[in-house]
Structure formats: C-alpha cells, structure tokens
Amino acid sequence: MDYKIVIDSGHGGIDSGATGNGIIEKDKTLQISKYIYDRLNKLGIPVTMTRIDDETLDPTDRVNRILNAYGNTPNVIVVSNHINAGGGDGAEVLYALRNSDKLSNLILENMKAAGQNVRGAFQRRLPRDPSKDYYFIHRNTGRTEPIIVEYGFLDSKGDDVNQLKNNYEALAEATVKGILEYIGYNYTPPATDSYVVKQGDTLYSISKKLGVSVDELKTLNNLTSNALRVGQTLLIPTNNVIEDTYIVKQGDTLYSISRMTGISIDDIRRINNLDSDILSIGQVILLKDNNMDSNYVEYVVKKGDNLYSISKIYGITQKELMEINNLKSNMLSIGQVLLVPSNGIESTTYIVKPGDTLYQIARNYNTTVDNLKNKNNLTSNTLSIGQLLII
Ligand SMILES: [Zn+2]
C-alpha cells in the first residue's frame with residue numbers, strides 16, 4: 001500500500017497542553033513533529049504537518065487539515081504527538097477502535113530500544129457511546145489510521161523529564177522506525193554524526209553540503225570563530241532539527257546556561273536582545289540566531305574584482321568582508337565563493353506548487369517560517385497554488 005503520513009503536533013497557540021519541569025507540551029510536540037517530518041521527508045515518503053509553528057488549532061480545523069492532506073483513506077497514517085502528565089512514567093500509544101495495535105506496538109518496541117519505559121498500546125471508548133472512540137483524533141478522522149503517541153510524562157518521578165529534554169530525538173526516531181517497519185520501508189538510521197574538514201572547506205560550504213546551518217555547526221562544536229583546520233572533526237546533527245530553545249529553570253543564570261549550551265553569554269544576550277541579565281523562570285531563551293544564514297548570500301569572484309570593489313557593491317568595509325569570509329589576505333581568485341550581505345540584493349521569488357508548505361519552503365531556502373511570513377506579509381500559514389512568495 002502507498003502510505004502517506006500526517007504528523008500532528010498536539011496543542012499549540014493558546015493551548016499549551018501540559019506544562020511542568022521546564023517542558024511545555026505544545027513546544028515539545030512541535031520539536032518532535034519536525035524531527036519526524038524531516039526524517040520521513042528526506043526518505044521521500046509523502047508527509048505533511050497539521051501545524052508548523054505555535055498556532056492555535058481547534059479540533060475541527062485539526063481534523064479538516066488531516067482529512068484534506070491526502071484524503072480520507074486507510075493508507076493515511078496520522079501521528080498525533082503528545083506529552084503526558086499525571087505522574088506516570090513512560091511512553092504509550094493510543095490507537096483507534098477501527099485499527100489494530102500493530103503500528104502502536106512497533107513504535108513502542110523501538111521506544112523501549114531507545115531507553116524509554118513502555119506502558120503499552122491502548123484504545124479508549126466514549127463512555128456515553130462505547131461504540132465510539134474517546135479521542136476526537138480517533139473518532140472524527142474517518143477511515144485514516146490515527147495514533148496518539150505519548151512520549152512520556154513531564155511530571156514523572158522516573159527519568160521521563162530527562163528523556164524528554166535530552167533524548168527526545170531518539171524517542172522521535174523510535175516513531176520514525178516504527179512507521180517505516182509498519183509500511184514496509186527499509187529502515188536507514190539518520191545521517192552520520194561527524195564530518196572531517198577537507199582542504200577548501202568553510203563552515204558555509206559544509207553547511208550547504210550537509211543541509212545544516214552555520215549556526216548549528218558552531219553551536220554543536222563550540223566554535224567561537226569561523227576558522228577551521230584541515231582534518232578537524234566536526235559534530236553534525238543526526239538530524240536537521242536541534243534543540244534551539246531553552247526554558248529557564250529555578251536557579252539558572254546566564255552563566256549556567258552558557259556553560260550548559262556552550263554558547264557564550266554575549267551571544268545569548270545578542271540573540272535574545274536581553275537588556276538585563278535577570279532571568280525569570282519559564283522564560284524562553286533562543287539558542288540560535290534564526291536570521292543569521294539568511295543575512296548572507298554567495299558571490300562568485302569575477303575577473304577584475306578585488307576586495308575593495310566587492311565591498312563597495314554591498315556597502316560594507318573591506319575589513320568586514322574579510323571577517324565574514326575569514327580571509328587572511330587580500331588575494332582573491334576567479335571563481336572563489338565569498339559570502340556577502342543579502343540586503344540590497346534582488347530577492348528570489350518562488351511560486352507555490354501543490355503540496356507545498358511554508359515549513360518545507362523555508363527549509364529548502366535555508367530560512368525560517370517567520371522570515372517568510374514577514375517578508376510576504378502573511379497572517380496565516382495557508383498557501384495557495386500559484387502564489388508568488390518572496391524568499
Ligand atoms: Zn496532549
């Protein structure tokens with residue numbers, strides 16, 4: 001059967017879901033959902049998401065998006081991601097009355113292999129009409145195959161909080177593996193996790209090659225400059241989604257967060273526009289400057305160019321141009337690729353095709369959904385086929 005996957009991030013917008021111990025359900029489910037989306041998308045499996053940012057979705061909207069994604073047919077698998085609360089420990093999967101527990105149990109087996117406790121696969125019936133499912137995501141989703149995956153309890157007395165904070169990629173990967181086994185797709189683990197720097201590499205060229213951002217590379221490797229050594233081993237994300245926010249807990253200081261994340265205090269202040277060093281519990285700290293990559297574009301050195309002439313074109317100083325590109329001398333060679341600021345340069349446009357989502361387009365152009373929405377004055381995430389977007 002030709003399966004299609006809809007990833008549903010539980011809650012969103014004004015509905016935070018469960019919160020506690022520095023975990024906000026709507027944010028964690030989105031993180032997990034993006035991970036699963038990226039993995040399946042890279043494998044070429046048709047996949048989409050019900051929400052791609054912090055959007056409020058009522059049950060009707062959610063169900064409509066699910067049914068409109070690929071149609072109301074049994075080959076559509078709906079994975080609704082949630083974080084549990086109530087003091088238990090471990091993962092569980094809830095499946096619809098019309099389906100078997102096969103998919104749920106495959107996911108749970110992989111969850112167990114990833115180090116998470118497993119509570120089991122369950123169905124739940126509506127008390128006033130036990131012929132119907134209790135959860136709307138099962139009850140109102142027609143002939144599709146919906147599951148609710150609960151990755152753990154954010155108020156667990158066991159190790160769930162640690163699992164959800166520090167091992168969520170492995171838990172999300174368990175869902176990926178379970179889905180692939182269920183649909184009969186050969187499982188391949190996520191991409192390699194280290195890269196050895198070769199002659200001529202720059203952080204930018206590596207980021208292009210591997211599909212990760214320069215910032216991610218710097219964060220992961222605690223790099224304070226763009227300088228690389230030939231033979232140096234860089235860590236690269238096992239998937240493109242990395243933890244890019246931190247929620248302030250009791251006792252945290254900028255210093256402790258900087259130690260924990262490997263990001264300098266100055267960078268944390270800059271990325272978050274902090275005017276003071278006082279943090280409040282629950283405050284969300286961005287660990288990644290989402291605008292960084294979109295600020296630069298490539299310029300290929302032509303005959304007759306020199307650092308001065310190029311810097312003039314882009315309205316920066318020669319020194320800035322050298323810093324951006326980590327150049328040690330003034331020598332340029334024809335064909336050499338330099339990074340230059342993107343402002344002032346003609347924008348790229350993109351015409352929306354069937355099946356496109358803002359999230360997908362943002363990923364393809366190495367930008368963010370928010371950037372796209374701002375540039376195009378979009379108030380919602382809805383796109384229409386043929387719509388012209390400025391990238
Ligand atoms: Zn939930």
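How many residues does H6 have, and how far does H6 reach from its first C-alpha to its last? The structure considered here is a predicted model, in which local features need pLDDT of at least 70 and side-chain atom pairs count only at pLDDT 80 or more, whereas totals for chains, interfaces and linings use all residues. Residues are numbered from 1 along each chain as its sequence is written.

H6 has 16 residues and reaches 23 Å from its first C-alpha to its last, close to the 22 Å expected at 1.5 Å a residue, where the expected span of a helix is 1.5 Å times one less than its number of residues. Of these 16 residues, 12 are buried, so H6 is largely enclosed by the rest of the structure; a residue is called buried if 20 or more other C-beta atoms, placed from the backbone, lie within 10 Å of its own. H6 is followed by Gly184, whose phi is positive, near 75 degrees.

Helix H3 (residues 102-113) has 12 residues, which at 1.5 Å a residue should span 16 Å, and its end C-alpha atoms are 17 Å apart, in agreement with that value. The buried residues of H3 are Leu103, Ser104, Leu106, Ile107, Leu108, Asn110 and Met111, and they pack against strand E6 (91-95), strand E7 (118-122), strand E10 (145-153) and helix H6 (168-183). Gly115, which follows H3, has a positive phi, near 100 degrees.

For the protein chain as a whole, the secondary structure comes to 14 helices and 18 strands, with helices (H or I, at least four residues) and strands (E, at least two) taken as DSSP runs numbered from the N terminus. The radius of gyration, taken over C-alpha atoms, is 23 Å, close to the 21 Å that the globule rule gives for 391 residues, so the chain is as compact as a globular protein of that length; the rule is 2.2 Å times the number of residues to the power 0.38. Buried residues make up 32% of the 391 residues. The domain assignment, which is automatic or from a database, gives domain 1 (4-183), domain 2 (194-286), domain 3 (293-341) and domain 4 (349-390), and 29 Å separate the centres of domain 1 and domain 2, taken over C-alpha atoms.

Key: Contact = placed C-beta atoms within 7 Å.
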